[in-house]
Amino acid sequence: MSTDALIPFIDEEMPPEGSPSPPVAPKPVRQPWRILIVDDDADVHESTAYALRGLEIAERKLHLLHAHSSTEGIELLRREHDVAVILLDVVMETEHAGLAMVDSIRNGLNLHNTRIILRTGQPGQAPEIETIRRYDINDYKTKSELTRGKLYATLTAAIRSYDQLRRLDASRRGLEKIVAASHYFLAEQGLQTFAEGVITQMASLMGLEPEGLVCASQAPSSAQTPEGDYIVIAAAGPYRHLMQKRLSDIDNPDIVAQLSKSLAERRSIVGSDSLTLFFAGRDQQDFAAFVGASGPLREVDHHLLEVFCTNIALCASNVTLFDRLRSVAFEDRQLGIPNRSALIQHLDALVNEDQLAGVVLAKIDVDQFAETNDMFGHRYGDLLLGAMARRLSERLADRCFIARVAGNTFAVVGCHEVVCPEVLKPLFDEAFVVENIDRRLSVCMSLVRCEDAPVLNGNELLKDASIAMKRAKAAGQGRIEYFTPALGADSKERTRLLHGLHRAFDHDRLFLVYQPQLSLGTGEVLGVEALLRWRAEDGSMVPPDRFIPVAERSGLIVNLGTWVLRTALYDLSRLHALGFTGLRMAVNVSAVQFSQPDFLDILDEALRDNSVVTPERLELEITESVAMVGMERVAALMREIQARRVAVAIDDFGTGFSSLSYLDCLPADRLKIDRAFVNLLDTDRPGARIARMIVPLGRQLGMKVLAEGVETETQAQILRELGCDEAQGYLYARPMPLDQLQSWLAQHQPLGGTT
C-alpha cells in the first residue's frame, strides 16, 4: 500500500471535478549500464568495444570502462560506482590474477551485486564448481565463445541479474527504514500482531488506555460470514473476546456503525467523541481502527493522526512486502514448493534444536534431464518437474519436508523410515503423465544420515549430500549413494590436492622424467616416454594416479599437458644436440586435452617453437577414454595429427572402452599393452590369454606393438615369441630425469642411432 492510496479525512479540501490534470513530467533519460573490461590484451578491449557498439540492453545504452590489469581494475572500482558487469580475464599478471581480483571485489570492496563474467583464452583453465560458488562468479566463458550475439546474450542475463539484485537491495533498505520508524509493527508476526500494534499506538498518541478499540477487515465470504460483513482481527480491553468474530457480533451499535461505514465508504471518519481511521490495503484487504475519546479532538490531533496514518500505511505495505519477499526468498516460484534457502533454514533449525536423531536428508536428481529438455523442449521439462513436485508432495508432504534445490534436483528431509531407498525409489517406478505421454524417469539419489554427519549447519549437510550425489552420478544412472565420513574425507583430499597442484605448478615443483623404450629384437633404444612427477613441499613424491585424475576433473590438465608437451620437445632437442638424433618422444594426452577445440593449434605452436625436432620424432599417446569425445571426431583428429607427420599410440589398451570396432576405426601407429596384462604373461591367472591375443591383434591391424611394465626376462622372452616389437619397464630402466637419461643413453645407445 502506498500513501497515495490513503483516503483523506472528510474535512480536507478536494480538488473540484473537472480540474485540469497537472502537466506530465518529461520522461527522464536513463543512465547507461556501466560495463568494466579487465584484460591485459589491448586487442580484447578493442574487439569487445566493437562487438558492443550501438547495442542497448533493457532500453539503456552501454558505457564501457577499461582496465588492463587486476590492480588497475581494483583502483578503478574504488573510484567508479554502479558498475553492473565486469568482463574479467582469468590470467593476467599471474595465472590466478582474475580469481584474486574476484576475491578483492567481493570481500574487499564488498561489491556483491556487480555480476562477474570470467573470460580466458585458455579453455581448460575452468574454475572448479566450488570456486565458482565461493567467489560468486556469474558466468565463465572462453574468449572464442563470446561472439557478438553470445556476448550480448551473456551480458543481458548478467545485467538482468544485477538489476534484480539492486532492486531487492532497494526494497530491503526501504523495509529497514520502515521497521526503524515504526519498530513496534513487526511484519514477521503477521497482520494480527500488526493490528494490535495499531491499536496500542493510536491509544498512546491520544493519551488513552488501549481499551474499547477494534480493528476490522473485509471478511471472506463463507457460510459463517456472509458477503459484505467484516471480521474483527484485533481488539483490546473489553472487546478482546471478539477476536476473529464478525463485526456485527459487537453489542455497541455506534462502534459497529462507524467501522462499517469507514470500510464501506473507504474513508476515515472523525466523530465528536471518536475517530475511525481507514487504511487501504492491497487486493481490497482494507482495515479500519476505531478509538473512542472523552471529548472532541483538538486540531493538532488531526495533523498528528494524518502523519500516523501515513506511517501506518507504510507499515501495512511493509507487511505485504515482507510476505512477498519471504515468498521470493523461500519458495520456488515455478513449482510452489520450498526452495534451497528454505531447506537450509529448516536444516539449521534441526541442528540448533538438536533434532537430528533419526533424520535423513535425501537429494534426488533426474538422470539425463538436459537430454529430455533438448528432445521435448523446456516447457515439457518444466511440466515434468511440476509432476515430480506434486507426486513428492502428495506422497510425502505430511511426513517430510520437500524442497527444490536446483534445476532438476529435489531434496527430502524426514525420518529414516520414510526417507530411504525402499520408500523413495518406488515413487519413480510409476510413469509420470505429461501432455498425455507416459514418461518414466531414472533418478540418482544421495542420502545423509544427519546425526552421523559431522556438521555445524544445514549448508554443510547439503554439501555432504552433494558429495554423495557426485559419487552416485559417476557410477551411472539410477544409482544410490549414502554419505560417509570417508567419502567426505576423500572429497576434501581431492580439494586439498587440487590446491596443492596449483601451487606446485606455480612454484616449479612439477617436473618430467623419461623412461626408455627399446626394440625387443635388437635391444636398440628407440625412444623415451615423458612422465609427469610432483615433488611435494616436504620433499615426498605424490603418485601420478592421485593427482592426474584431479587435474583432469578440474581442467588444469589442459595447461599441464601443454607444458609437458613443450618441455618434452625442448628436452628432446637437447638430446638431439648431444647426438642422440634417432630418438622419438612419447607424450601422453588426456581425453580432456583431446576434446579442446584448439588442441591442434597448441600442437602446431609447440612444433614451430621446437623446430630442431622434426614432427616424425613426436608420438602422442591417447587412452581409450577419448572415445567419450565421439568416435568420428577422434578419428578425424588423429588423421589431422598424422597429416602433420606426428605418430599416435593407443595407450593402456584393454583397460577401458576396448572393442575391436573401436580399435579398427582409429588410424593409430602403435598399440601399447598395459602393464596389468604384461604381469599375467608368465602366469595361468585369468587374463593371461587376453594378453597373448593383443600382440597378434595389433600386428593384424598394421600397428607396432609396445609392452609396458616389463619387469622380468621371462616376460620379455614371451613377448618376443609372440612377435611384440617394443618394450619398456624396470627390466631396462626406471623413469629418470634428463641428466640421468643422458648418462644412461651414453652407455646403451650409440650416438646418431636411428629407429
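Colleague: How much space lies in the second largest pocket, and which residues are the closest to its centre?

Modeller: In this predicted model, the second largest pocket holds about 1300 Å³ of space. Its lining is made of 35 residues, of which Pro 544, Ile 548, Asn 588, Asp 651 and Asp 652 are the closest to the centre.

Colleague: Which elements give two or more residues to the lining of that pocket, and how do the residues divide by class?

Modeller: The elements that give two or more residues are strand S20 (525-535), helix H15 (544-554), H16, S22, helix H17 (591-594) and strand S24 (647-653). By class, the lining of the second largest pocket divides into 16 nonpolar, nine polar and ten charged residues.

Colleague: How many cavities of 30 Å³ or more does the structure hold, and which residues line the largest cavity?

Modeller: The structure holds one cavity of 30 Å³ or more, and about 100 Å³ of space lies in the largest cavity. Its lining consists of Val 558, Gly 561, Thr 562, Leu 565, Asn 588, Val 589, Gln 593, Gln 596, Phe 599, Ile 602, Leu 603 and Leu 620. Two or more of these residues come from each of helix H16 (556-577), strand S22 (584-589) and helix H18 (599-609), with H16 providing the largest share, four residues. Seven of the lining residues are nonpolar and five are polar, while none is charged. Asn 588 is named in the lining of the largest cavity and also among the residues closest to the centre of the second largest pocket.

Colleague: Turning to the sheets, how should I read the pairing, and in what order do the five strands of the open sheet stand?

Modeller: Strands of a sheet pair through backbone hydrogen bonds, and they do this in either a parallel or an antiparallel sense. Here five strands form an open sheet in the order S13-S14-S12-S17-S18, with mixed pairing. At the edges are strand S13 (401-406) and strand S18 (480-482), each of which pairs on one side only, and the twist from one strand to the next averages 20 degrees. Within this sheet, strand S12 (residues 359-366) and strand S17 (residues 443-449) are antiparallel and share seven bridges, and Asp 365 stands opposite Cys 444 in S17.

Colleague: Which strands does helix H9 lie across?

Modeller: Helix H9 (residues 340-352) lies across S12, S13 and strand S14 (409-415), and its direction is at about 130 degrees to S13.

Colleague: What is the order of the open sheet of six strands, and which are its edge strands?

Modeller: The order is S2-S3-S1-S4-S5-S6, again with mixed pairing, and the edge strands, each pairing on one side only, are strand S2 (56-57) and strand S6 (139-142). Strand S5 (residues 115-120) runs parallel to S6 and is joined to S6 by four bridges, with Leu 118 having Tyr 140 as its bridge partner in S6. Helix H1 (residues 42-52) packs on this sheet and touches strand S1 (33-38), strand S3 (60-67), strand S4 (83-89) and S5, its direction making about 180 degrees with that of S3.

Colleague: Where does pLDDT stay under 50, and how should such stretches be read?

Modeller: Where pLDDT is low, the predicted coordinates should not be read in detail. The protein chain has a mean pLDDT of 80, and 77% of its residues reach 70 or more. Residues 1-28 stay under 50, with 33 contacts in the model beyond four places in sequence, and residues 173-189 also stay under 50, with 22 such contacts.

How values were computed
Residues numbered from 1 in each chain as written. Predicted model: local features only at pLDDT ≥ 70, side-chain atom pairs only at ≥ 80, totals over all residues. Heavy atoms only, no water. Pairing = 2+ DSSP bridges. Axes fitted to C-alpha atoms, helices over the stretch in contact; angles between N-to-C directions. Contact = heavy atoms within 4.5 Å. 1 Å grid on protein atoms, 1.4 Å probe; cavity = no way out; pocket = protein on both sides within 12 Å on 5 of 7 lines; lining within 4 Å. Points joined across faces, edges and corners; volume = space filled by probe spheres on them. Nonpolar A, V, L, I, M, F, W, Y, C, P; charged D, E, K, R; others polar. pLDDT = per-residue confidence, 0-100.
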